[in-house]
Structure formats: C-alpha cells, structure tokens
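Please work through the following exercises with the sequence and the model side by side, and try each task before reading its solution.

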Amino acid sequence: MRIAITGGGLGGLTLARILHRHGISTTVYEREAHRHARTQGGMLDLHPESGQRALADAGLTAQFRAAARPQGEEHRILDPAGRTLVHHRPPPGSFAGRPEIDRTTLRDLLLDSLPSGTVTWQHRLTDVQPGAGGGFELTFAGGHRTGCDLLIGADGARSLVRSQLTATTLTPVATLIELTIADPAPELANLVGPGNLWCIGNRRILAAQRLGTGTLKVGISLPADDRPLDDYRTKNALLELFAGWNPDLTALITAADNPPTPRPIEAMPTGTSWAHHPNLTLIGDAAHLMPPVGEGANQALLDAAELAAELAGDRADPDAALRTYEQKMFARIGPVAEMSARVQAMMLSPTAAEDVVRFFTPAQ
Ligand SMILES: Cc1cc2nc3c(=O)[nH]c(=O)nc-3n(C[C@H](O)[C@H](O)[C@H](O)COP(=O)(O)OP(=O)(O)OC[C@H]3O[C@@H](n4cnc5c(N)ncnc54)[C@H](O)[C@@H]3O)c2cc1C
C-alpha cells in the first residue's frame, strides 16, 4: 500500500510519525526545498485533549516537555492606555494547562522522529488524476510524476487536494500584519513578558509573543474590510492606526526589524464537509481552515492521531478507515469552527475589550 501525504506541516508530519509507529510507511511530499527554507512563525499552545494527545500517540511527550515552555502560557490583556485588564499566570513549571512551544521547534521534533527519506522535499503538488490501476497519479512542479494508492491532503490553507473533494471557497476574516524584533530592548521584553500580550482597541489588536529564543513576534490584526493591504506596508502607516495609544505599546511597531508584511487571514465556511471519495481524504487546514484563535494546529494534530488510529485499526480496508475518520472529524470540527468564528468576530468588534475580559473571567 503506497500512502502519499502531501504537505510536511504539523498535521502531515504527525500523521507520518504515528503511522510509522504502527509499522505503516508513508511518503510525505513537501513543496519547500528543505526544513530551514522558511521561518515557521510564532508559538503554539498545545491543548491536553488534542495537540498533546496526538504527541502522546506519536511517542513524543518527553521530547515535547523538554522543548515546551509552560511559562509561555502567561498572558496579559491591556487597553490602549496600557492598563491591565487581564493577567493570567500559570502555576510555575506546570504542564497541566496549555504549554507553548515554538513552531520551528515542534516541526523539527516531528521531522527528527521520522526515518530518513520519509519527507521528499521540493515537491510541490500541481495535479492529481485517477491512476490507471486505481489510486492516484500525482504531478509535481517541474513535471515529476508518481503514483499512490491512498492520498492524504495535508497541504494547508490553500490545499490543492481539497479541490478534489469540495468546491468550497475561502473568505477573508481579518488582515494580519506581522513584525519581528529579534533583539528586544529590556523594557519591550518586560512589556510582553514570557508569553503573550494582547492590546485591544476598537476593531484593532496589537499583539506580541516571546519565542523561546527571546525574539518578539508582533502581530497587528484588523478587520478584513479595513483597507487595501498595500496601505499597511510602512511603520508610519501602522503608527497612524494606533494614534492616541500609549507610546509604550506602539514602541512594539517602532522597534520592529522588518518592514510590515500584511496578509489576509482566511477561513472556510463552518460546517464544510464533502461526500466521501475512495482512498482520498484531508487533514488539518486543508480539511477545515478556521480563524487563528488557537485551535487550528491542535485540531490538525488530532486529525492526524485519529486518522492514524483508524488506518492502524483497519488494515484490511483502508478506505473504510478514511470514511470513519471523516465522519468523526466533521462532527468534532463543527463546534470548534463555530467557536473560532465567534471568538474572531469578538476580538475585532468595537466592544472587544469588555467582551474579551468577560470571556477570560471565570463565572462566579
Ligand atoms: C497567525 C496565525 C497564528 C496561529 N496560531 C495558532 C495557535 O496559537 N494555535 C493553533 O492551534 N493554531 C494556530 N494557528 C493555525 C495553525 O497554524 C494551522 O492550523 C496549522 O499550521 C495547520 O497545520 P497543517 O499541517 O494542516 O498545515 P500547515 O502547517 O500550513 O502545513 C501545510 C504544509 O503543506 C505544504 N504545502 C502546501 N501546498 C503544497 C503543495 N501543493 N505541495 C506540497 N506541499 C504543499 C506547506 O509548505 C506546508 O509545509 C495559527 C495560524 C496563523 C495564521
């Protein structure tokens, strides 16, 4: 049985790893040239019931705990004047909550856990056709072709494999402008703290997080309908957006190393599903792209764990395993996607600060 996974991101690599532990080999086709081809972004908090559970199935809990930072869970929410609205501190050293891990560290941990040769780099999938003897014929940029019996699309937000299963389209839900401060001054490092900082205003958020390396990743979120992306390509344009805010907060923009890189954040409609297609399925963002409010990677890892368990449990009928996985995944993702859409809308509403404080304040 030739199993192809397109996309060597968090979902695809976790799937390959768990299947490997069950003695099932796969080939992961990844478009990037090598593991260091691109910086992987900021931190992720892995939830016990999803991301951490999948890493346990992958036999990587000890490695995760060695690399994760429970203190990264600390977060503060400020208003535009710099007043603290919420300050959450996890118990020191506890892995009971949602410890943070740098995305690059997590991806490296997964890559290092796979037999060499599992990931075929520099293979951007460009076409999928039915294979002559069943299965699929895959074509990659540059013209290379190969066949497989089972195809799992783990190729992220703009998945090519997705179009084989559904005609769903993506909708912009926000604009994100990312900045980096590789060597922050002590006052900026203190402002952000060991984890996350969110400064919430009227339809705009200035956020920052501290990576394990000490680098600060700054993210500015705006409603998707705000203005054309090209209006946000200079620091001065961003500072205008935050006119009147406490300068201690907007120093996060002034101190950035790079020019702003705005990009649209998109999501699939909640409740997206498809009629089962033999020997073909999707995991992660390819299956259910959601607003980025803390669930996407966790659900991608859980997809991988659940799909691997089905395939390992029904080796005689892998297509039945895919079908069962899809039914369970659709039922699980529906409410998560709806919650993510609600939180995304709340974060960029005119009353975001009050709503977010209520969200984070436990009921008495
Ligand atoms: C700003 C931001 C912050 C986020 N924060 C969080 C968070 O805190 N917690 C959380 O749980 N989630 C978060 N998410 C969501 C999370 O990043 C994604 O849900 C997660 O990465 C999905 O994993 P994946 O494996 O499905 O896709 P990806 O990680 O995107 O991996 C897809 C892989 O497929 C490859 N690929 C794409 N097309 C092709 C092709 N044609 N051929 C071959 N390879 C291809 C890509 O190069 C990539 O390596 C955030 C997202 C954003 C945008």
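Two residues are in contact if their C-beta atoms, placed from the backbone, lie within 7 Å. The model is predicted, so local features need pLDDT of at least 70 and side-chain atom pairs count only at pLDDT 80 or more, while totals for chains, interfaces and linings use all residues. Residues are numbered from 1 along each chain as its sequence is written.

**Exercise 1.** Determine how many residues of domain 1 are in contact with domain 2, and which elements contribute to that side.

*Solution.* Begin with the bounds, which come from an automatic or database domain assignment: domain 1 covers 3-69 + 99-170 + 269-347, and domain 2 covers 171-267. Taken over C-alpha atoms, the centres of the two domains are separated by 29 Å. Counting contacts next, 15 residues of domain 1 touch 13 residues of domain 2. On the domain 1 side, strand E6 (100-102) and helix H10 (318-347) are the elements that give two or more residues, and H10 supplies the largest share, three residues. Helices (H or I, at least four residues) and strands (E, at least two) are DSSP runs, numbered from the N terminus. By class, this side has nine nonpolar, three polar and three charged residues, where Ala, Val, Leu, Ile, Met, Phe, Trp, Tyr, Cys and Pro count as nonpolar, Asp, Glu, Lys and Arg as charged, and the others, Gly among them, as polar.

**Exercise 2.** Describe how helix H1 packs against helix H4, giving the angle, the handedness and the residues that meet.

*Solution.* The axes, which are lines fitted to C-alpha atoms over the stretch in contact, with angles from 0 to 180 degrees between N-to-C directions, come within 9 Å for H1 (residues 10-21) and H4 (residues 103-112) and cross at roughly 30°. H1 and H4 are therefore roughly parallel to each other, a label for angles under 35 degrees. Their crossing is left-handed, meaning that the near helix is turned anticlockwise from the far one by less than a right angle, whereas clockwise would be right-handed. From H1, Leu-10, Leu-13, Thr-14 and Arg-17 meet Leu-106, Arg-107, Leu-110 and Leu-111 of H4. This contact has five nonpolar, one polar and two charged residues.

**Exercise 3.** Repeat the analysis for H1 and helix H9.

*Solution.* H1 and H9 (residues 296-313) have axes 8 Å apart and pack at an angle of about 30°, which makes H1 roughly parallel to H9. The crossing of this pair is right-handed. Among the contacting residues are Leu-10, Gly-11 and Ile-18 of H1, and Ala-297, Asp-303 and Leu-311 of H9. By class, the contact has 12 nonpolar, two polar and one charged residues.

Methods. Angles under 35 degrees count as roughly parallel, over 145 as roughly antiparallel, 65 to 115 as roughly perpendicular and the rest as oblique.
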